[in-house]
Amino acid sequence: MARFANQRAAWVAAYVVFIAAMPWLAALDHDRRGREFLLEFSVGLGFIGLAMMWLQFALTARFRWIAPGSGLDTLMQLHRQAGISAFALVLAHPVLAIAADDRFLDFLDPRAGLARAAALWVVLAALAAIVGSSLWRRALGIRYEWWRLAHAVLATVIVFIGLVHVLRVGFYIDDGWKRATWSGLTAGAIGLLGYTRVVRPLRLARRPWRVAEVRREPGSSWTVALEPVGHGGLRFEAGQFAWVTIGASPFSLEQHPFSFASSAERRDRVEFTVKELGDWTGRIGQTPVGAKAYLDGPYGAFTLDRQAGRAVCIAGGVGITPIMSILRTWRDRGDERPVALLYAAGSLEGMVYREELEEMARERPLELMLLPREAPPGWTGEAGLPTAAMFERLVERFGTRGTQYLVCGPPPLMELAERTLLARGVPAGAIRAERFDIV
Amino acid sequence: MPHYQRTRLLVVVLTAVLVVVAAGFGWWRSEDDSGRGRGPGPRAGHGQMAPFLPGEEDG
C-alpha cells in the first residue's frame, strides 16, 4: 500500500512539474521585453492549459504502467476533472489577454485575419463541445461510440490549433528548438491517440476470441463467455476488467469496459456479466454464439491483496461482477482467508449468482449477507437500501487492521460505504473501490 | 473522503497550484513602473524588441 502511495505521489509530482515547466521553458533563452502582468499571466495559463491538454491523451492511452496502483476508473476521473480544469485555464488565456489589452479582440475578428479568427473560434467551439458532450453525454442522448469518435476528433483539433496558435504568435516560441519541442509534444499527444485507436487494435486483431455461450441471468443481466481462438487466452487478476468488442472489428468504436466475472484461474474461458442498461448492452442477449470478439486488457486495481488477512466485499447490483471473479478465484485457489460479502440488489430473485454464492457460503469460509431492497415473503434477513449502520457493523465485526474492504456498485452506495468505512477508522489504503460507470 | 472526492480535490489543488505557477510566471515576466523586468534571467531585452501586439504577427 505504501509502495502504491509513493508511486501515486511520484506520478502526481511528475504531472505537475511537466505542466508547470512549460511557460518557463518557453521563456528560456528569450530576449524580448516582458509585458504587463495580466498579459504574461494569461500567456502562462495558455502554456499550462495546452500542456494539460497534451497529458489528457496520456491519461486515456490505457498504459498499465501509469500509476499502476490506481484504478483505471480513477485515471478516467482524473482525465475528466483535469479536462474541465484545462478548459477553464485555456479559456482564461484569451479573456485575460483581452482584459489586458482590448486590441487582442482583433484575434477573433475575421476582418483582421480570417484564418486566425476562424481557427480560434473553431477551437473555442471545440472546447465547449468536448466538455459539454462529456459532462452531459447521456442527457444529450449521444451514443457512446459517436461520442468516442467526436471526442478523439475534437481533442485532436484542439491541440493542433493550440500548436498552430503558439507557433504563429511566436512571441515565446521563436527558436527552432522551441518550435521543435512544442511540435513534437503535440505530435506525441496525437500519436498516443493513434496508438490507442490503430496500433492497439492491430495487436488485438492477432488475438481474437469467440463467443462460446450467452446465458440469461437474473435481473436483466446476461453472461457472455468468450474462448480464445488460436492463442492461450488472457492472464488477469480477479477483479480487473477489459474493454470488450463483440461482433465487430477491433477498430470498432463499439468497445465497452466490463469486469471479468470468471475465475482468474481460467485463462481459456473468460466470462462477463452485463446488465441491460443502454443501447449496446440492451442487445447483448441477442449476441450469436460463435461471434468474434476482442479483449483489450486486463486493466484496473480492484483486486484482493495477498497481504490482507481477510476481506469484506460490498456489492450493489451489477457491481457484484468483479467481486464474483474475486470469490471464484479465491474458491478455485483454495484460499482459506475468511471473506464476508454484503450484496445489495433490487430483489432476491434479481440477484445474479445467488445460488452459486449460497453454495460457496456453505462450503467455504464465506459469510454471505444478502440485502434485497424489498423483503420477499418469509424472508428473515435484513431488507432495504444499504445504510451507514450496516457498514459500521461490518467494521465492528471485521476490524480495521488486516482487513481489506472491496466496494463496487452504484455511486450512492459507494460514497456511503467509503465515507462510513473511513469514518470508522479503516485506512484509505485498505479500501478498494471501483465504479463501473467510468465512461 | 471517498476516492472519487479525493481525486476531485486533488485536481482542484493541482489546478490551483498551476494557476499560482502561471501567476508567478506573469509576475516574473512583467515589468515594474520603470519598465524593467522584476525577475532574473535572460529576459527583459532592454528594449531591443517591442512587445508583441496584434498585427505584429502574420497569422
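Leaving aside neighbours within four places in sequence, with which residues is A:M369 in contact? In this predicted model, the residues in contact with A:M369 are A:A340, A:L341, A:L342, A:Y343, A:L394 and A:R397, once those neighbours are set aside. A:M369 itself belongs to strand 9 of chain A, which covers residues 366-372. A separation along the chain can also be given for this methionine: A:D175 lies 194 residues from A:M369 in sequence, and the C-alpha atoms of the two are 66 Å apart.

Confidence was examined for chain A. The mean pLDDT of chain A is 92, and 97% of the residues score at least 70. Among the elements of chain A, the highest mean pLDDT, 97, is that of helix 9 (residues 320-332). The lowest, 79, is that of helix 8 (residues 279-282). Where pLDDT is low, predicted coordinates should not be read in detail.

Cysteine pairing was considered next. Over all chains, the structure contains zero disulfides. For A:C313, the closest cysteine sulfur is that of A:C408, and the two sulfurs are 10 Å apart, which is too far for a bond. A disulfide requires the sulfur atoms to be within 2.5 Å, so the distance of 10 Å rules out a bond between A:C313 and A:C408. A:C408 is accordingly in no disulfide, the nearest cysteine sulfur being that of A:C313. A:C313 has a relative accessibility of 1% and counts as buried. A:C408 is likewise buried, at a relative accessible area of 2%. These values fall under the 20% cut-off that defines a buried residue.

Chain B was described in terms of its secondary structure and surface. Its secondary structure consists of one helix and zero strands. Of the 59 residues in chain B, 39% are buried. The chain exposes about 3,200 Å², and 62% of this area is supplied by carbon and sulfur atoms.

A nonpolar patch is present on the surface of chain B, formed by B:M1, B:L9, B:V12, B:V13 and B:V17. Together these residues have about 410 Å² of accessible area. One of them, B:M1, is located in the segment before helix 1 (3-29) of chain B. The relative accessible area of B:M1 is 43%, so this residue is classed as partly exposed. The class applies between the limits of 20% and 50%.

Technical notes. Residues are numbered from 1 along each chain as its sequence is written. Chains are lettered from A and ligands numbered from 1 in the order in which they are written. This is a predicted model: local features need pLDDT of at least 70, side-chain atom pairs count only at pLDDT 80 or more; totals for chains, interfaces and linings use all residues. Side-chain values use heavy atoms; hydrogens and water are left out. Buried means under 20% relative accessible area, exposed over 50%, partly exposed in between (1.4 Å probe, protein chains only). Patches are made of residues with over 30% relative accessible area and no salt bridge: like charges are joined within 9 Å, nonpolar side chains (Val, Leu, Ile, Met, Phe, Trp, Tyr) within 5 Å. Accessible areas come from the Shrake-Rupley method with a 1.4 Å probe; for residues, only the protein chains shown count as cover. A salt bridge is a side-chain nitrogen of Lys or Arg within 4 Å of a carboxyl oxygen of Asp or Glu. Helices (H or I, at least four residues) and strands (E, at least two) are DSSP runs, numbered from the N terminus. pLDDT is the predictor's confidence in each residue, from 0 to 100. Contact means heavy atoms within 4.5 Å.
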